[in-house]
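Work through the exercises below with the structure open. Try each task before reading its solution.

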Amino acid sequence: MPPPVTHRQLRLDADLPLDCGQLLPRPVIAYETLGTLNHARSNAVLVCHALTGDQYVASTHPITGKPGWWTRMVGTGKPLDPERHFIICSNVVGGCMGSEGPASPHPDDGRPWGLRFPVITIADMVRAQAALLDGLGIETLLAVVGGSMGGMQALQWAASFPDRVRSVVAIAAAARHSAQNIAFHEVGRQAIMADPKWMGGAYPVGSGPANGLAVARMAAHITYLSEAGLTAKFGRRLQDRSGKSFGFDADFQVESYLRHQGMSFVDRFDANSYLYITRAMDYFDLADPFEGLLAPVFAKGKARFCIVSFDSDWLYPTVESRRIVQALVAAGRHVSFVELSSPFGHDAFLLDPPGLNGVVDGFLKAVEQGG
Amino acid sequence: MNDLPVRLQQVARQIPEHSSVLDVGCSDGRLLAWLRDNKNTDGRGIELDAGRVAAAVTRGLSVVQGDATRDLAAFPDQSVDFAVLSETLQAMEAPAKVLQDLVRIGRRAVVAFPNFGYWRVRMNLLFKGRMPVTPRLPTSWHETENIHLCTIDDFRVLAAELDLRIEREAYLAGENPISAWPNLMADHALFVLSK
């Protein structure tokens, strides 16, 4: 459960219509910006964060004190450069870092929304971002950029607001959640809901289902890595001991690492948010309105696309990116696609794999020169 | 144009300004970049090798990593002015299928390839009795990616079988244009084709 901190926020002018049919009454959206919007308002770049990310893309995190989560991509001299771009990153609706979510006070009684919060979708997240941009006076984006769930949002932008985006960068993403993706998320949700402290989602502020959320994070974290990466990092090495304990302590380094990942996660994340956001990802299938056909999704607008996958990513494997690329090609769109090599699995997009920055930089500069 | 290898210059000469181009097997995008910078073309490319794709995208080109035999199918009919296949035909798994895709996707196809009927190649085989290794075809038979080598006459026969119209042809021996006896005298051939 994240402690209360102050975030930069905007309360939207209007209620937010959601895919489920409900209206979210004037939600608050938390966001960060870097750089300056130019006079032509043509240099705005929206960065979309992944499942457990937030708006602190390249500024110090107020809870963990760590640098932003994508400083390898965002910063002076980087592909997304505050000297050149006006960079916006907002916490997704349903999140827990200042945007309206299940931990926010319900407008009627001031108590947390809990499970009264409506189920949201990736398209709802994007609709909230568009409303935020309206509030900031930005009509058109030079680029929407994201990895993983951020890439899904970037693709959704092209589908929902084709005339507001000049380019889309989707890294280690997919146009739908596979059965395996849904299955892993369900394990995480069940871990949370099996924790007695979850209390049907109505846990009091400050005493959520920390154990369940930690287990959810541990299971998910494995899917972000690769077998080769885990072997290289930990192998079968023991944690601070010379032999097996013949008990159930964290004998192995990999166990200790995962426990640490789980326990530190609960300090900065809300369990109900985890349920809602994983649900949004599971519901994601861009081709759903077109009877499974993806090409019609990209029929409108003029955006150029840059799609990147990683050879060791088994969560959103290259075949999913290739499916997006084939749809874009069939729709006659300008698209660049490369499968980069990295041993680090899905997490590679956060880790500066060779070639990624050059590809994104070259792509964005071409879009900028394209007028 | 001097910054382009001579064989790519020959391809570039076939492409008018402001054309749309799909370069199949575009390597690091040098032809597409040159055409964009000098002829304001609207270019796309497809290339198998990830490192070359990354280099092309870093140049700001719309290049996708993919395999011509499998991935050309997604491109819509008659969606570009020119579909280019330069120095790649002989490495294709199914050259006939790729040629048909080229004239389906492009209003015209530009196909350039090494001529296996070149006299030095013939001499090599005749006198040495060994598979030819030439400057244009530098790897030995067991290492080469060139699995479907052909002569200019072979290509003409295939083009006729596929009902392709030959709109233009050009031949090189080394750096020099050739017109007489191309199947014997040219080490390199270029055809502009349409359906």
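**Exercise 1. Determine how many residues of chain B are in contact with chain A, and how much area is buried between them.**

Solution. Step 1: count contacts, meaning heavy atoms within 4.5 Å. On chain B, 20 residues are in contact with 19 residues of chain A. Step 2: take the buried area, the accessible area (1.4 Å probe) that two parts lose on being put together, summed over both. Chain B and chain A bury about 1,600 Å² between them. Carbon and sulfur atoms give 53% of that area. Val57(B), Ser62(B) and Gln65(B) supply 31% of the area that chain B buries against chain A, more than any other three residues.

A note on the source: this is a predicted model, where local features need pLDDT of at least 70, side-chain atom pairs count only at pLDDT 80 or more, and totals for chains, interfaces and linings use all residues. Residues are numbered from 1 along each chain as its sequence is written, chains are lettered from A, and side-chain values use heavy atoms, with hydrogens and water left out.

**Exercise 2. Find the salt bridge across the interface of chain B and chain A, then count the polar contacts.**

Solution. Step 1: apply the salt-bridge rule (a side-chain nitrogen of Lys or Arg within 4 Å of a carboxyl oxygen of Asp or Glu). The rule finds 1 salt bridge. Asp71(B) pairs with Arg322(A), their closest N and O atoms being 3.7 Å apart. Step 2: apply the polar-contact rule (N or O atoms within 3.5 Å; within protein, one must be able to donate a hydrogen and the other to accept it, and residues adjacent in sequence count only if both atoms are side-chain atoms). This gives 13 residue pairs, both at pLDDT 80 or more. Step 3: sort the side of chain B that touches chain A by class. It has 10 nonpolar, 6 polar and 4 charged residues.

**Exercise 3. Describe how domain 1 and domain 2 of chain A meet.**

Solution. Domain 1 of chain A covers 9-177 + 285-369, and domain 2 covers 182-278. Their C-alpha centres lie 26 Å apart. Step 2: count contacts. Domain 1 of chain A puts 30 residues in contact with 26 residues of domain 2. Step 3: take the area. The two domains of chain A bury about 2,300 Å², 67% of it on carbon and sulfur atoms. Leu51(A), Thr52(A) and Trp314(A) supply 28% of the area that domain 1 buries against domain 2, more than any other three residues. Step 4: check the pairs.

Definitions and conventions:
Nonpolar A, V, L, I, M, F, W, Y, C, P; charged D, E, K, R; others polar. Domains from an automatic or database assignment.
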